[in-house]
Amino acid sequence: MTKKVWIIAIFITAIVIVVIFNSTLLPRGLALPAGRLQAPLSSPVPEVNNYNPPVEVKYDKNTDLKKELESINPQVLDSDFETE
Amino acid sequence: MIKYFLIVMCLIFIFPAVSLASADLDQINQKVCSRFDEDALKLAAIMEELKARKKITETRVAYGQVDTPIEQADYWVNFAAEAIAYQKIQKYSSKERLRSDLGVLKNKILRAKNEVGKVIDD
């Protein structure tokens, strides 16, 4: 009996800790900070991520296209892979 | 009993560590792809301006069948842009694999740059 209780307790502890690490697993209502009220949602609302529209690049007849082309230098840097 | 406890505790720490590592790689992938996006946009803008100067009004070629250097350059610029879009949606668990794929993508952009360079020189 004690062994079974231990196993169940460890299992529940593991699930709680995993859920805490990954808060996206929490149901929406539980993810709110304490004290804040929210009206129940009648229908799902799409999450709007921060949308950055693509930067428009346009040249005119006075542009030195060769110079612009030379400025294009795609690189994969070591600093890209360094964690902050 | 202690053995089971240790196994579970190991799983508790490994599982979030793996998911966090994948999230980091995804961030790196998006950051580098955004930078490559700017390069692809510049290449496309150069091609648009080149065609305007040469008074070419044809639509861009997407499926090969390129007959002229400008169509060839257009094709490779398109190819690079699509490769970047494809790379953005990939998910990685290995840093080396991500680095390798980004290197391949870089070469595709350089190929497009090379083709555009040929047209500018004409």
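Over the ring of which residue does the charged end of Arg111(B) sit? In this predicted model, the ring in question belongs to Trp76(B), and the charged end of Arg111(B) sits 4.1 Å from its centre. Trp76(B) itself is buried, because its relative accessible area of 16% falls under the 20% cut-off.

The surroundings of Trp76(B) can be followed through its aromatic partners. A pair of aromatic rings is described by the distance of the centres and the angle of the planes. For Tyr75(B) and Trp76(B), the centres are 5.4 Å apart with 85 degrees between the planes, an edge-to-face arrangement. The pair of Trp76(B) and Phe79(B) is likewise edge-to-face, because the planes stand at 75 degrees, with the ring centres 5.1 Å apart. Helix α2 of chain B, which spans residues 69-88, holds both Trp76(B) and Phe79(B), and the two are three residues apart in it, about one turn of the helix. Through these ring pairs, Tyr75(B), Trp76(B) and Phe79(B) are linked into a cluster. Whereas Trp76(B) is buried, Tyr75(B) is partly exposed at 23% relative accessibility, and Phe79(B) is partly exposed at 30%.

A contact between a charge and a ring also joins the two chains, where Arg99(B) lies over the face of Phe81(A), at 4.2 Å from the ring centre.

Chain A, for its part, contributes a nonpolar surface patch of about 610 Å², made by Ile8(A), Phe11(A), Ile12(A), Ile15(A), Val16(A) and Ile20(A). Among these residues, Ile8(A) is placed in helix α1, residues 2-21 of chain A, and is exposed, with a relative accessible area of 51%.

Notes
Residues numbered from 1 in each chain as written. Chains lettered and ligands numbered in written order. Predicted model: local features only at pLDDT ≥ 70, side-chain atom pairs only at ≥ 80, totals over all residues. Heavy atoms only, no water. Patch = residues over 30% accessible without salt bridge, like charges linked within 9 Å, V, L, I, M, F, W, Y side chains within 5 Å. Areas by Shrake-Rupley, 256 points an atom, 1.4 Å probe, with all protein chains shown as cover. Salt bridge = Lys/Arg side-chain N within 4 Å of Asp/Glu carboxyl O. Helix = DSSP H or I, 4+ residues; strand = E, 2+ residues; numbered from the N terminus. Buried < 20%, exposed > 50% of the residue type's maximum accessible area, 1.4 Å probe, protein only. Phe/Tyr/Trp six-rings, centres within 6.5 Å; stacked < 30°, edge-to-face > 60°. Lys NZ or Arg CZ within 6 Å of the ring centre and 35° of its normal.
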